[in-house]
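Keep the model open alongside as you read.

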Amino acid sequence: MDHRDTTPLLSPSAKQQGSAAAPTLIPPKLRVFLYVVAVVHCMGALGFGYNSSIVSPALAPVSDEWDLNTFQQECVVSIILIACLIGALVAGILADMFGRNKVLIANDFVFLIGIGICSGSVEYYMLLVGRFITGLGIGVASVVVPLMVTEIAPKSIRGEIGTTNQLCITIGIELSYIVGTAFTGVKYDWRWMFAFAALFPIIHVVGAFVIRVETPRWLIIKGKATEAQSMLSYLRLNGDITAEFEELEQSSKQPAGKKVSGLAVFSLMKWRPVVISLGLSFFQQITGINAIMYYMSTFFQKAGMSADSSNLVSILVGAINIFMTVVSVFILDRAGRKPLLLIGLSSMILSLFGIAAAFFFDSELSDSAMGAITIVCTITFVMGFAVSLGCVPWIVISEVCTNEIRAVVMSLALGVSWITNFAVSASFLSLIDLTNEQTVFFGFMAFAVIALIFSFILIPETKGKSPDQIAFLMAGGKVKHKHHHHHHHHHRDDDEDSVN
């Protein structure tokens, strides 16, 4: 037992270690299949991106038609965030009870009801109800989609497949800009904008019934080992799954009697994944991405651009966001999670500094200079965000949490994310009125600096490691060198058992 348990920890084979080579071990056919499965289940993520952003082009025509005041407009935007929070907090529990797949299918109907009510609204309160129901759907999707896509992927391309979630969110956001621009000025313009979103749940329902996938990890937690094995085999196109299945079972075995020596590690184990998960989702929002995305047009108008050209800039920035997310797909499993976080955060810090400085020296700059600086900095900010806080958190969260706590921690993390998102979005403009732009952006920058230090100190590299190795890392162990701490074999064993 000693030997079998510690070998993978202490001498990860070249296969696990190989950085650039690792992702190529997956047969192309399998990779394509996994992408198809991931993309079908990421329809929820498309809905997330689209529904949360479509409100920005739809708001003007709705307000004109119903003569809404500023407070009412803010409610249409923010009510969805409150609903997302509720959806996210129940989603983890539901995903553990009923399975990832069933929850996503049920969620499609939540989306459709919400979208139907929004598109057919006859008055303001009806629209609020529709937005609220849509928000519940977004909240559930925001938790269950990343669970689904990270849990079906083999570890060597877990980052790559997991990123489809973030990719689809950014594509959804971009679609909302494009659809919003396309339907502006058409009869029933905002109704069409809301209605377009019905496409995603419909595609998912059909796809889910054709593919019929549940995550092997969930089946294992539920004690359905044989089903988990046949599902894993189906997800690997009947390839050899013995090693992977053993790892899965290993990472889910509840220790019979917790051994005392392991207890210290166990308590340590508990706080670190939780702090990492909640910390990352907090920093994802508090560094100002949504303030920048929501208010991009306003921003560019402030920088002296006309309304039309600022719309196009939004579409451009959205495209850059998608492009960089695609780039991160290719880097994540090769360079690793941590380098991407650190590089992206550094880019965000410099960009925020640039924006703040531009506002600080506003009086001495011409409009065109001001416009140029803020646009360049917004673009470098979005690029940095896309490769770091955009895609890394959901992957790292699913990796650092053991099977038993993953869904619940994912729920809490998204709860934190939605609360922070709400706080930033709701207060951003008032804060600027109270102080000024440079103060607010320096504030975002300060948080980005804290995020950089946090990532550097607390986050281990989880690329290509098995659940056991990660659990062991989380408990403060090192998986680097072949002959590291050989004399700790026995302890290591106990700790490992208790960790899982």
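A disulfide here is a pair of cysteine sulfur atoms within 2.5 Å. Go by that rule and you end up with 0 disulfides. Take Cys-168: it is in no disulfide, and the nearest cysteine sulfur, that of Cys-42, is 4.4 Å away. Cys-168 counts as buried at 6% relative accessibility, and Cys-84 counts as buried too, at 1%. (Buried means under 20% relative accessible area, exposed means over 50%, and partly exposed is in between, with a 1.4 Å probe and protein chains only.)

A quick word on the ground rules. This is a predicted model, where local features need pLDDT of at least 70 and side-chain atom pairs count only at pLDDT 80 or more, while totals for chains, interfaces and linings use all residues. Residues are numbered from 1 along each chain as its sequence is written, and side-chain values use heavy atoms, with hydrogens and water left out.

Now for the rings. The structure holds 18 aromatic pairs. Rings of Phe, Tyr and Trp (its six-membered ring) pair if their centres lie within 6.5 Å; planes under 30 degrees apart are stacked, over 60 edge-to-face, and the rest tilted. One of the pairs is Phe-33 with Tyr-234, an edge-to-face arrangement at 5.8 Å centre to centre and 75 degrees between the planes. This pair links distant parts of the chain, with Phe-33 in helix H3 (residues 28–41) and Tyr-234 in helix H13 (residues 225–235), 201 residues apart. Helices (H or I, at least four residues) and strands (E, at least two) are DSSP runs, numbered from the N terminus. Phe-33 is buried, with a relative accessible area of 18%, whereas Tyr-234 is partly exposed at 31%.

For a stacked pair, go to Phe-428 and Phe-444: their ring centres are 6.0 Å apart and their planes sit at 20 degrees, so the pair counts as stacked. Phe-428 belongs to helix H22 (residues 403–434) and Phe-444 to helix H23 (residues 437–458), 16 residues apart.

Elsewhere, Phe-282, Phe-283, Phe-447 and Phe-454 form one aromatic cluster. Lys-338 lies over the face of Phe-456, at 5.6 Å from the ring centre; the rule asks for NZ of Lys or CZ of Arg within 6 Å of the ring centre and within 35 degrees of the ring normal.

Finally, back to helix H13, where Ser-233 lies. Ser-233 is buried, with a relative accessible area of 18%. Leaving aside residues up to four places away in sequence, Ser-233 touches Asn-238, Gly-239 and Ile-241, contact meaning heavy atoms within 4.5 Å.
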